[in-house]
Amino acid sequence: MLQALDAADVQFIVVGGLAATIHGSPRLTQDLDIVYSRTAENLERLVRALRPFHPYLRGAPPGLPFLFDARTLKSGLNFTFVTDLGWMDLLGEITGGGDYDRLLPHSSDLQMFGVSIRVLNLEKLIEVKRAAGRPKDFETIAELEAIREELKGR
Amino acid sequence: MGYHPSAMDPVIEAYKKDVDRTLIRENLRCTVEERILNLIELQKLAVEARRAGQAARAAR
């Protein structure tokens, strides 16, 4: 999925569990969370990249008329999808972090498996998890802060 | 409704005591690609465990 996004020049930032993994978290995550730029061009690129994987609204009854296109993305903001390659959350903005443009200065470029991706920095990841204030994130926040302490202690 | 960040501090500190830092240190020794590959293997294990659990329940 990341390869497809990179190949289509989609502007996105990896957040959530995969970002935590990249920073060193041993926690198991099952979905890919990205914050995407909502420019018209990027919505088109996003659709072109993901359509082959048949995104469908997660939890929705099968057979619901759903068209994955730029217009649908423009009408909404945050989407939770099931795709042929797994679960994916497309986020127009996140609590405590805002949209793509606001998160961009808090992200870094990363090369992995020949793919170029942007990932949210550890500090900002902690900040947005704290801002969300969800009890389910408490363990993750503790873990991310422990990672920060370990990195500082090096 | 979320918790105010300052109200979370003692809770996070309590959780931090139980963080397995040996896992974190092992992970920090890995490259990012190695961390992702470990995650993929863990995901495969979770899928297989889920399948095995469902099969066992169905056989009861």
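A:S25 is buried, at a relative accessible area of 3%, where buried denotes under 20% relative accessible area, exposed over 50% and partly exposed the range in between (1.4 Å probe, protein chains only). The model is predicted, and local features accordingly need pLDDT of at least 70, side-chain atom pairs count only at pLDDT 80 or more, and totals for chains, interfaces and linings use all residues. Residues are numbered from 1 along each chain as its sequence is written, chains are lettered from A and ligands numbered from 1 in the order in which they are written, and side-chain values use heavy atoms, with hydrogens and water left out.

A:S25 lies in the loop between α2 and β2 (31-36) of chain A; helices (H or I, at least four residues) and strands (E, at least two) are DSSP runs numbered from the N terminus. The side chain of A:S25 forms a polar contact with that of A:E143 at 2.6 Å, and a polar atom of the A:S25 side chain is 3.1 Å from the backbone nitrogen of A:R27. A polar contact is a pair of N or O atoms within 3.5 Å; within protein, one must be able to donate a hydrogen and the other to accept it, and residues adjacent in sequence count only if both atoms are side-chain atoms. Residues up to four places away in sequence not counted, A:S25 touches A:A20, A:E143, A:I147 and, from the other chain, B:N27; contact means heavy atoms within 4.5 Å.

Between the two chains, 32 residues of chain A are in contact with 28 residues of chain B. The buried area is about 2700 Å², 67% of it on carbon and sulfur atoms, taken as the accessible area (1.4 Å probe) that two parts lose on being put together, summed over both. In chain A, the residues losing the most area to chain B are A:R130, A:F138 and A:E150, together 24% of what that side buries. A:R130 also forms a salt bridge with B:D9 through their side chains (2.8 Å, N to O). Six salt bridges are counted between chain A and chain B, each a side-chain nitrogen of Lys or Arg within 4 Å of a carboxyl oxygen of Asp or Glu. Twelve residue pairs, both members at pLDDT 80 or more, are in polar contact across the chains. At least two residues each of the chain A side that touches chain B are supplied by α2 (16-23), β8 (107-112), α6 (122-132) and α7 (138-152) of chain A, and α7(A) gives the most, with eleven residues.
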